[in-house]
Amino acid sequence: MRITFPKELEVRRNIRLKDYNSIHVGGPADYLAEVTTQTDLINLYRYCLKQDIRMLAIGDGTNVFFSEKGFRGLVAVIKFGRIEQLGENCIRAESGAQFSALNRFCLEHSLTGCEFSSGIPGTVGGAIYGNAGAYGKNIGQCLSSAKILTADGKVKSVSNDYLEFSYRSSRLKRHPAIVLEAEFQFEPGDYAEIKKRIDDIVEIRRSKLPPETVRTAGSYFKNLKDDLGNPIAAATYLDAVGSKQASVGDAAVHIKHANIFYNKGRATAQDVLKLEEMLRERVYEKFGVRLEREVMYFE
Ligand SMILES: Cc1cc2nc3c(=O)[nH]c(=O)nc-3n(C[C@H](O)[C@H](O)[C@H](O)COP(=O)(O)OP(=O)(O)OC[C@H]3O[C@@H](n4cnc5c(N)ncnc54)[C@H](O)[C@@H]3O)c2cc1C
């Protein structure tokens, strides 16, 4: 059935999703809209709810891939991303703001606490959804509150506790809602020290990760913990089973990082999922450990 959306919502039909994710994998979405204001997103969501159309909000697509059959429903790409300082330590960012822009904003205002985000691609909304982080720190540790659009179409202000942040996860993975904006608390710091920490992190990442031109969705599997609760990188297991030489079709593991899948050209979702299963089996056989996918997959 073909739906007629209100013209002002600028919904397009039959749009290739591989153009909206960084690993470039996915067939067409029935409908797609690039949404530039919170009001438009709320109206679009409520319209979809009324018409019984499935809707998925994404940001930059740096942690997501789609089936070759595409997405039945509407994909809303969040593009609103204003960032402002509210008090000395408090910053409000709309969910479509780049995480890197929040990082830069903190530096420009000599606020410390966001340096860990240096080099993490994607938007603030995507980061909240998956509690993005690096080097032992994550976005859940600096978020004080958020404004969300709940599944029944209501706008609600929620506290940090409500979002139930845990390792690469939040309540939003279990109870879908769309983040509209969030407030963060940072500490006043010294510009030069903050800049130095950012530069150091960027340098470490550059040495460990594939170049930015590589089509990837970042770390594919979640890291784990040993019996004492110490973190163990999934890459340790993957390296030990030869993942860096593994590929299925055009989906392969990058030579620089045993846990980063990339698209050599025409990888399909099936290629990626088969590579996932092959490596999960190898790790299970050798170590008795079941790896869990971190990257989001929609069909
Ligand atoms: C090279 C590379 C390096 C990376 N390094 C790291 C790293 O160091 N640490 C780390 O944690 N991640 C890392 N990632 C993964 C990725 O950058 C993060 O998960 C990022 O936060 C995703 O943001 P996004 O806007 O791209 O989300 P998307 O990929 O667009 O979406 C991811 C999920 O979030 C949901 N979502 C997006 N926006 C919203 C919203 N406003 N409200 C509710 N749900 C939403 C989507 O529905 C989807 O399920 C890396 C990725 C790449 C490609």
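Predicted model: local features only at pLDDT ≥ 70, side-chain atom pairs only at ≥ 80, totals over all residues.

Q: How do you know whether the radius of gyration of the chain agrees with that of a compact globule?

A: The radius of gyration is taken over C-alpha atoms, and the globule rule is 2.2 Å times the number of residues to the power 0.38. For 299 residues a compact globule would have a value near 19 Å, and the chain has 20 Å, which agrees. The C-alpha trace spans about 55 × 50 × 35 Å along its principal axes.

Q: What makes a residue count as buried, and what percentage of the chain does so?

A: A residue is buried if 20 or more other C-beta atoms lie within 10 Å of its own, exposed if 12 or fewer, and partly exposed in between; the C-beta atoms are placed from the backbone. Of the 299 residues, 41% count as buried.

Q: What share of the contacts with a separation of 6 or more joins residues 24 or more positions apart?

A: Two residues are in contact if their C-beta atoms, placed from the backbone, lie within 7 Å. Of the contacts in the chain with a separation of 6 or more, 65% come from residues 24 or more positions apart.

Q: How does the reach of helix α6 compare with the expected span?

A: The expected span is 1.5 Å times one less than the number of residues. Helix α6 (residues 269-287) has 19 residues and reaches 27 Å from its first C-alpha to its last, close to the 27 Å expected. Just after α6, Gly288 takes a positive phi of about 70°.

Q: Why are the buried residues of α6 said to line one face of the helix?

A: The buried residues of α6 include Ala269, Leu275, Leu279 and Val283. Seen down the axis of α6, its buried residues fall within an arc of 160°, so they line one face; the arc is that of the directions from the helix axis to the C-beta atoms. On the other side of α6, Glu277 and Glu285 are exposed. Among the elements covering the buried residues are β4 (64-66) and α5 (234-240).

Q: Which domains are assigned, and what lies where domain 1 touches domain 3?

A: The bounds, which come from an automatic or database domain assignment, are domain 1 (7-78), domain 2 (83-194) and domain 3 (211-298). The C-alpha centres of domain 1 and domain 3 lie 27 Å apart. In contact are 14 residues of domain 1 and 14 residues of domain 3. On the domain 1 side, β4 gives the most, with 3 residues.

Q: Why is His24 called buried?

A: His24 has 21 other C-beta atoms within 10 Å, so it is buried. His24 lies in the loop between β1 (12-16) and β2 (28-35), and its phi is near 55°, a positive value in a residue other than glycine.

Q: What makes Asp19 exposed or buried?

A: Asp19, in the loop between β1 and β2, has 10 other C-beta atoms within 10 Å and is therefore exposed.

Q: Why does Tyr135 count as partly exposed?

A: Tyr135 has 13 C-beta neighbours inside 10 Å, so it counts as partly exposed. Tyr135 lies in the loop between β9 (133-134) and β10 (137-138), and its phi is near 50°.

Q: How do you know whether Ala146 is buried or exposed?

A: Ala146, in strand β11 (residues 143-150), has 27 C-beta neighbours inside 10 Å and therefore counts as buried. Leaving aside neighbours within four places in sequence, its contacts include Ile128, Val158 and Glu181.

Conventions: Residues numbered from 1 in each chain as written. Helix = DSSP H or I, 4+ residues; strand = E, 2+ residues; numbered from the N terminus.
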